[in-house]
Amino acid sequence: MFRVIASQMIVPNMHLLTVNAPAVAREAKPGQFVILRAEEEGERIPLSLSDWDAKSGLITLVFLNIGSTTGRLASLPAGISIPTVVGPLGNATEIESYGTVVCLCGCYGIGSIFPIARALKQKGNRVITIMEARSSYLFYWEERLAAVSDKVIQITRDGTKGYRGHVARLPEILGSLEEPVDRIFANGCTFFMKRVADETRPSGIKTMVSLNPIMIDGTGMCGVCRVTVGSTTRFACVHGPDFDAHQVDWEELLQRRKTYMPEEVVPLRTSRCEERHFRSQEKSHE
Ligand SMILES: Cc1cc2nc3c(=O)[nH]c(=O)nc-3n(C[C@H](O)[C@H](O)[C@H](O)COP(=O)(O)OP(=O)(O)OC[C@H]3O[C@@H](n4cnc5c(N)ncnc54)[C@H](O)[C@@H]3O)c2cc1C
Ligand code: FES
C-alpha cells in the first residue's frame, strides 16, 4: 500500500498528490511516469512524475480532475493509502547539452515538465520556459519553474498575463528571442502538443513531445498505447513516452484517445451509489 502524504487542489481542477513510494522515488528520472490505482477495484491510470525525493521516498504527481479515476484520486485525503503505484515506467527524457532549449507546457504539463527543465538546466543548457493557460489564475509552480529557467514567458488565452492567445503565437515568440533555439520539449494535453508540432514544423527545430495515449499495463504487453511515429508502430509505454513531434500521426492519436469515451462518460453521469448498484446486479447475473 502507498500512503498519500499530501493532497491538495493547486488551481481549479488541478490537483497535487504526494505519495510515499520509495522504490519509485529511488529510480525516477525526468520524463518517466507511474501507473496507479486509486482504489482496490479501480482502473489503472498513468500519471507523470512531476517530482520525487529519493531520500524521503516521496513522489509528487500533478493531475487534472477530468473523469472517474482522477475524480476519485482528487477526493482522497492525506493519510489514506492507495493499492497500486507501479513505476518508474517509460524511458527518461534525453537530457543532453543542446545549447538553448525551450520547455513548453500547459495544463498538467506544467508539473511534468518541471523535472525535465531542472535536468536540462543542470546539464548546462540555457532554459527558456513557455507556459500556456486559459487565464493567469490557472498557472501554478511559476516560482519553481523560474528557479530552473533562464527566462519564463507566459501566454494566456484571455491576455491576463503575458502574451494574449495560444501556441499559435509560438513562431512570433521564438522569433523575438535573441538566440536560436536548439531543441524544444513540450508537455501537456494531446491537442496542445499537436499545435506545438504544427507551429514548430516550418522552422525545423527538433521538437520532442511526451505522448499520452490510453495505457493499461504500461509494459508493452497490451498494445493499447499504440501510436504511429514516422510510419512505424510504436508502443508509447516502452518506446516512449517521448517522440519527435514532427513524426507523430496526430490524427490517429487523437482518434484513439476517444475510443472509450461513451464508457468514460457513464460513471460521471451516474452517482457512485448507482454505480455500485449496477456492479452488484452485474455480479448477481454472473
Ligand atoms: C504517460 C502518460 C502520462 C500522463 N501524465 C498525466 C499527468 O501527469 N497528469 C494528468 O492529469 N494526466 C496525465 N495523463 C493522462 C491521464 O492518464 C488521464 O487523464 C486519466 O487516465 C484519466 O482517467 P479518468 O478515469 O479520470 O478519466 P476518463 O473519463 O476515464 O478519461 C478522460 C480522458 O483521459 C484519457 N484516458 C482515460 N483512461 C486513460 C488511461 N488508462 N491512460 C491514458 N489516458 C486515459 C482518455 O483520453 C479520456 O478521454 C497521462 C497519460 C499518459 C499516457
Ligand atoms: S500500455 Fe499496454 S502496451 Fe503500452
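A residue counts as buried when its relative accessible area is under 20%, as exposed when over 50%, and as partly exposed in between, with a 1.4 Å probe and protein chains only. The areas themselves come from the Shrake-Rupley method with that 1.4 Å probe, and for residues only the protein chains shown count as cover. The structure is a predicted model, in which local features need pLDDT of at least 70 and side-chain atom pairs count only at pLDDT 80 or more, while totals for chains, interfaces and linings use all residues. Residues are numbered from 1 along each chain as its sequence is written, chains are lettered from A and ligands numbered from 1 in the order in which they are written, and side-chain values use heavy atoms, leaving out hydrogens and water.

Threonine 129 is a place to start. At 0% relative accessibility, this residue is buried. Threonine 129 belongs to strand S10, residues 126-133; helices (H or I, at least four residues) and strands (E, at least two) are DSSP runs, numbered from the N terminus. Its side chain makes a polar contact of 2.7 Å with the side chain of serine 149. A polar contact is a pair of N or O atoms within 3.5 Å; within protein, one must be able to donate a hydrogen and the other to accept it, and residues adjacent in sequence count only if both atoms are side-chain atoms. Not counting residues up to four places away in sequence, threonine 129 touches several others, including Cys103, Leu145 and Val152, where contact means heavy atoms within 4.5 Å.

Next come the nonpolar cores, each a set of buried Ala, Val, Leu, Ile, Met, Phe, Trp, Tyr and Cys residues joined through side-chain atoms within 4.5 Å. The largest has 35 residues, and among those with the most contacts inside it are Leu104, Ile130 and Trp250. Helix H6, residues 190-200, gives the most to this core, with four residues. A second, separate core has 27 residues, Val11 and Leu145 among them.

Valine 11 lies in strand S1, residues 2-11, and is buried at 8% relative accessibility. Leaving out residues up to four places away in sequence, valine 11 touches Tyr137, Leu138, Phe139 and Tyr140.

Ligand 1 is surrounded by 23 residues, and the closest are Glu43, Pro46, Leu64, Thr70 and Met215; a residue is near a molecule if one of its heavy atoms lies within 4 Å of it. A polar side-chain atom of glutamate 43 is 2.7 Å from an oxygen atom of the ligand, and a polar backbone atom of proline 46 is also 2.7 Å from a ligand oxygen atom. Taken alone, ligand 1 exposes 860 Å², of which the protein buries 94%. Strand S4 (45-48), strand S6 (58-64) and helix H2 (68-74) each give two or more residues to the shell, and the largest share, four residues, comes from S4.

Some backbone details remain. The peptide bond from glycine 87 to proline 88 is cis, with omega near 0 degrees, and proline 88 sits in strand S8, residues 84-89. Another cis peptide bond joins glycine 240 and proline 241, with omega about 10 degrees. Cysteine 107, which is not a glycine, has a positive phi near 55 degrees; at 25% relative accessibility, cysteine 107 is partly exposed.
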